[in-house]
Amino acid sequence: MPSTALNLSNSADVHVKERRALTKSILLGAVGIAISVGAALWLISIETDRQRAELARQAEQAKGIIAYRFAQYETLINAGRSLFAGSKDLSRNAWQRFSQGILEQQEFAGLWGVSRVVRIPLDQLDQLQAEIRASGLEPATVNLHDQAWVCPIFFNEPIERNSISIGLD
């Protein structure tokens with residue numbers, strides 16, 4: 001009989017050893033998963049920080065480009081203002097030469113034309129339209145409002161793509 005007790009004792013020892021081995025395997029697997037999850041979260045954090053830094057760099061670059069373009073447009077407006085200040089009666093040819101000189105020197109993103117808009121009393125509209133016709137262009141129809149003045153486009157360069165806008169209010 002002692003051999004049966006020994007078999008039971010050995011069988012119990014084997015069960016305990018198997019449980020311990022299984023527990024160790026489960027714990028080892030859990031630790032491995034925890035380390036893998038921690039490493040993945042760490043890598044995600046590093047990549048997120050890298051992408052945020054890249055986005056901040058791109059935003060700063062876009063801000064600089066926008067500021068540069070606004071400065072270009074401001075310079076263009078001031079140049080036009082100076083042209084008018086230095087001339088009593090600005091002709092279409094003078095405006096055309098000015099516009100071509102400006103547009104050939106720089107790229108103005110989104111700029112379709114360089115216009116001169118005049119504010120005139122409503123009773124002078126017919127005279128302005130006659131001047132436009134005399135220059136070989138057909139003025140656009142002005143929609144009259146209940147006001148004493150209008151602001152039609154008088155010059156708009158390059159004329160090839162902007163002639164339809166001449167005379168618009």
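S165 sits in the segment after α4 (159-162); helices here are DSSP runs of H or I with at least four residues, strands are runs of E with at least two, and both are numbered from the N terminus. Before going on, a word on what you're looking at: this is a predicted model, where local features need pLDDT of at least 70, side-chain atom pairs count only at pLDDT 80 or more, and totals for chains, interfaces and linings use all residues. Residues are numbered from 1 along each chain as its sequence is written, and side-chain values use heavy atoms, with hydrogens and water left out.

Back to S165. With 10% relative accessibility, S165 counts as buried (buried is under 20% relative accessible area, exposed is over 50%, and partly exposed is in between, using a 1.4 Å probe and protein chains only). Its side chain makes a polar contact with the side chain of N156 at 2.8 Å. Such a contact is a pair of N or O atoms within 3.5 Å; within protein, one must be able to donate a hydrogen and the other to accept it, and residues adjacent in sequence count only if both atoms are side-chain atoms. A polar atom of the S165 side chain also lies 2.7 Å from the backbone oxygen of N162. Leaving aside residues up to four places away in sequence, S165 touches I153 and N156, where touching means heavy atoms within 4.5 Å.

That brings us to strand β4 (residues 153-157). Five of its five residues are buried, so β4 is largely enclosed by the rest of the structure. Its partner is β1 (residues 114-117): the two run antiparallel and are joined by four bridges, and strands pair if DSSP finds at least two bridges between them. In this pairing, V117 stands opposite I153 of β4. As a rule, side chains in a regular strand alternate between the two faces of the sheet.

Now look for W95, which is in helix α2 (residues 92-105). W95 is buried, with a relative accessible area of 2%. Not counting residues up to four places away in sequence, W95 touches L83, F84, L90, V114, S115, R116, F155, N156 and E157. The W95 side chain also reaches the backbone oxygen of V114 at 3.2 Å. As for S115, it is 20 residues from W95 along the chain, and their C-alpha atoms are separated by 9.0 Å.

Helix α1 (residues 2-85) is where E47 and R50 lie, three residues apart, about one turn of the helix. Their side chains meet in a salt bridge at 2.6 Å, N to O; the term covers a side-chain nitrogen of Lys or Arg within 4 Å of a carboxyl oxygen of Asp or Glu. The structure holds two of these. E54 forms a salt bridge with R57, with the closest N and O atoms 2.6 Å apart, and these residues too are three apart in α1, so about one helical turn separates them. How exposed are they? E47 is partly exposed at 32%, R50 at 48%, E54 at 28% and R57 at 44%.

Last stop: I33, also in helix α1. At 56% relative accessible area, I33 is exposed. Together with V37, L41 and I44, I33 makes a nonpolar surface patch of about 400 Å². Patches are made of residues with over 30% relative accessible area and no salt bridge, joining like charges within 9 Å and nonpolar side chains (Val, Leu, Ile, Met, Phe, Trp, Tyr) within 5 Å. The areas come from the Shrake-Rupley method with a 1.4 Å probe, and for residues only the protein chains shown count as cover.
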